[in-house]
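Could you walk me through this protein model as if I were seeing it for the very first time?

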Amino acid sequence: MRYDKPLYFVSNVDKHYDAELGEWVQGQTSRVKKFANITAMSENRQQLIFGDVSNKRLIVRLQRVYHEPYDLLEIDGKSYQADIEHVTSDSLSLVVVANG
């Protein structure tokens, strides 16, 4: 298995609620680059796990666990949210869904 596709863990640092403005104020965006094995999820497995089929789901496998908090993942310029996260003693597997 090759871990050759780049992805970015994106997090909004210092995001806070401003009571005077009545809205969330964005801080800086942090992007951490990692390499992973990224594959599309099969239709049979999607039907079994989720009860539907979507071409927006991917499986992301990392050799090492990423411990830092993150808001989304960026793969090939598209943003994805983690749907399922499976952590073993030394690796991390994610099922991610494209935003939008």
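## Arg 57 and its surroundings

Setting aside residues within four places in sequence, Arg 57 is in contact with Ala 40, Met 41, Gln 46, Phe 50, Asp 52, Asp 83, Val 95, Val 96 and Val 97; contact here means heavy atoms within 4.5 Å. Arg 57 is found in strand β5. Helices (H or I, at least four residues) and strands (E, at least two) are DSSP runs, numbered from the N terminus. With a relative accessible area of 10%, Arg 57 is buried. The scale behind that word is simple: buried means under 20% relative accessible area, exposed over 50%, and partly exposed in between (1.4 Å probe, protein chains only).

The side chain of Arg 57 also takes part in polar contacts. One of 2.8 Å joins the side chains of Arg 57 and Gln 46, and one of 3.1 Å joins the side chains of Arg 57 and Asp 52. A polar contact is a pair of N or O atoms within 3.5 Å; within protein, one must be able to donate a hydrogen and the other to accept it, and residues adjacent in sequence count only if both atoms are side-chain atoms.

## About the model

This is a predicted model, in which local features need pLDDT of at least 70 and side-chain atom pairs count only at pLDDT 80 or more, while totals for chains, interfaces and linings use all residues. Residues are numbered from 1 along each chain as its sequence is written, and side-chain values use heavy atoms, with hydrogens and water left out.

## The chain as a whole

Now step back to the whole chain. Its secondary structure comes to 1 helix and 8 strands, and from the N terminus on the elements run β-β-β-β-α-β-β-β-β. The C-alpha trace spans about 50 × 30 × 25 Å along its principal axes.

Of the 100 residues of the chain, 25% count as buried. The accessible surface comes to about 7000 Å², and 46% of it belongs to carbon and sulfur atoms. Accessible areas come from the Shrake-Rupley method with a 1.4 Å probe; for residues, only the protein chains shown count as cover. Among contacts between residues at least 6 apart in sequence, 51% join residues at least 24 apart.

## The salt bridges

How many salt bridges does a search of the whole structure find? The search finds 2, a salt bridge being a side-chain nitrogen of Lys or Arg within 4 Å of a carboxyl oxygen of Asp or Glu. Asp 52 forms one with Arg 57, the closest N and O atoms being 3.1 Å apart. Asp 52 is partly exposed, at 35% relative accessibility.

Glu 74 and Arg 31 also meet through their side chains in a salt bridge (2.6 Å, N to O). Glu 74 lies in strand β6 and Arg 31 in strand β4, so the pair ties together parts that are 43 residues apart in sequence. Glu 74 counts as partly exposed at 21% relative accessibility, and Arg 31 counts as partly exposed at 44%.

## The nonpolar core

A nonpolar core is a set of buried Ala, Val, Leu, Ile, Met, Phe, Trp, Tyr and Cys residues joined through side-chain atoms within 4.5 Å. The largest one has 16 residues, of which Leu 7, Phe 9, Val 60, Leu 73, Ile 75, Leu 94 and Val 96 touch the most other members. At least two residues of this core come from each of β1 (5-13), β4 (28-40), β5 (57-62), β6 (72-75) and β8 (92-98). The largest share, 4 residues, comes from β8.

Not counting residues up to four places away in sequence, Val 60 touches Leu 7, Ala 36, Asn 37, Ile 38, Ile 75, Leu 92, Ser 93, Leu 94 and Val 96.

## Pairings between strands

Pro 6 lies in strand β1 and is partly exposed, with a relative accessible area of 34%. Pro 6 and Phe 35 are 29 residues apart in sequence and 4.5 Å apart in space, C-alpha to C-alpha. Leaving aside neighbours within four places in sequence, Pro 6 is in contact with Lys 33, Lys 34 and Phe 35.

Leu 72 is found in strand β6. Not counting residues up to four places away, Leu 72 touches Tyr 8, Phe 9, Val 10, Ser 79, Tyr 80 and Gln 81.
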